[in-house]
Amino acid sequence: MDNKQTINFGAGPAKLPQSVLLKAQKELLNYNGTGISILEMSHRSSDFSKIINTTENLVRELLNVPENYKVLFLQGGGSGQFSAVPLNLIGLKEDRCADYLVTGTWSAKAAREAEKYGKVTVIHPKLDSYNNIPDRSTWSLNPSASYVYYCCNETVDGVEFNFIPDTKEVVLVSDMSSNFLSRPVDVSKFGLIFAGAQKNVGCAGVTVVIVREDLLGRALKECPIILDYQVQAGNNSLYNTPPCFSIYIMGLVLEWIRNNGGADAMEQLNKQKAAIINDIINHSNGFYSCPVDAVYRSRMNIPFRIGKKEGDEDLEMQFLDGALALGMICLKGHRSVGGIRVSLYNAVTVEDAKTLATYMGQFLRDHQ
Ligand code: PLP
């Protein structure tokens, strides 16, 4: 099947805007008249300096990043940050404690990793399943914690925060890997935000970290040097060889976001796409069922089951096969939860969502 007819609803690495891919293709062999590819270019060259500086400036512009924050481009993915965050920040206060809001698979993993470096407390009652955000009256935040951590959008479970937790004086840290730049965010409320690029802002290989300057220089002595935010900030993310091509692709995607109206416009489109899919689910008389509380249902990743609440696996297989025959790929739910998952990141169009909704409507009529 040729590329044009394929609609990628994958959870990441995910669909990129066609115009970005075409530009990258055009520039692949000879970047900007240099006679070489970015894949062959020194990270110390003036051409690459321009690329990394432009990419940083676009992050700053699109999110109104205040002056007192550093923007870093690191390797190791979101998982690398599960280690880097405690290694850099858990020592901010003597007690070496951190509070974690565990609302899904990824925040649970982050909390487990942080336990290696200090005392981690889950600040709300343990959840049996991840389909909700516990009421704020049940949270007991520790004022002496070094930071409070949460995952803004749980990619596997489809739970998304629609508010910024108020942690008073305690530093707030968020994993925004799967909803970064899908909506505006007030960066000044955070000590640190990180996001892997491969969902909304690029391809795998680079993780953007936005960190407040006063939090630098407090890393534990065992922190690997490449994960040390102060070292990376002091070297403009060039302490060691960075993922040059991934940074370049991120720059192109950010340019595309800017040319398409920025974070506000992305938010409007993302709301629209999620509404198109949720509408079918909500009006299917339970044929499609999403376990996530409607208030916290993610705009980015919508998991659902087919046929019955716990899922009729035969029917789900038929659904996936039928979707594939129409060119709609990567709709299988995460292996830990099963069922179906639709990912609707920035590059997925309203048309793509409508095509899927039409198919869901037909499948419903054929099978209920
Ligand atoms: N955080 C979130 C919210 C994710 O969705 C993922 C991966 O999908 C990760 C962290 C881990 O990212 P990586 O695979 O880049 O380490």
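User: Is arginine 335 buried or exposed?
Analyst: In this predicted model, local features need pLDDT of at least 70 and side-chain atom pairs count only at pLDDT 80 or more, while totals for chains, interfaces and linings use all residues. Residues are numbered from 1 along each chain as its sequence is written, and side-chain values use heavy atoms, with hydrogens and water left out. Buried means under 20% relative accessible area, exposed over 50% and partly exposed in between, with a 1.4 Å probe and protein chains only. Because its relative accessible area is 77%, arginine 335 is exposed.

User: With which side chain does the side chain of arginine 335 make a polar contact?
Analyst: Arginine 335 is placed in the loop between strand S13 (328-329) and strand S14 (340-343); strands (E, at least two residues) and helices (H or I, at least four) are DSSP runs, numbered from the N terminus. A polar contact is a pair of N or O atoms within 3.5 Å; within protein, one must be able to donate a hydrogen and the other to accept it, and residues adjacent in sequence count only if both atoms are side-chain atoms. At 3.5 Å, the partner is the side chain of histidine 334.

User: Which residue in S12 is the bridge partner of tyrosine 288?
Analyst: S11 and strand S12 (residues 301-306) run antiparallel and are joined by two bridges. In S12, the partner of tyrosine 288 is isoleucine 306.

User: What is the distance, centre to centre, between phenylalanine 287 and tyrosine 288?
Analyst: Rings of Phe, Tyr and Trp (its six-membered ring) pair if their centres lie within 6.5 Å; planes under 30 degrees apart count as stacked, over 60 as edge-to-face and the rest as tilted. The count by this rule is 20 aromatic pairs. Phenylalanine 287 and tyrosine 288 are both buried. Their pair is edge-to-face, with 75° between the planes and a centre-to-centre distance of 4.9 Å.

User: Which helix gives the most to the shell around the ligand?
Analyst: A residue is near a molecule if one of its heavy atoms lies within 4 Å of it, and 13 residues surround the ligand. With four residues, the helix that gives the most is H3 (residues 77-89).

Key: Two strands pair if DSSP finds at least two bridges between them.
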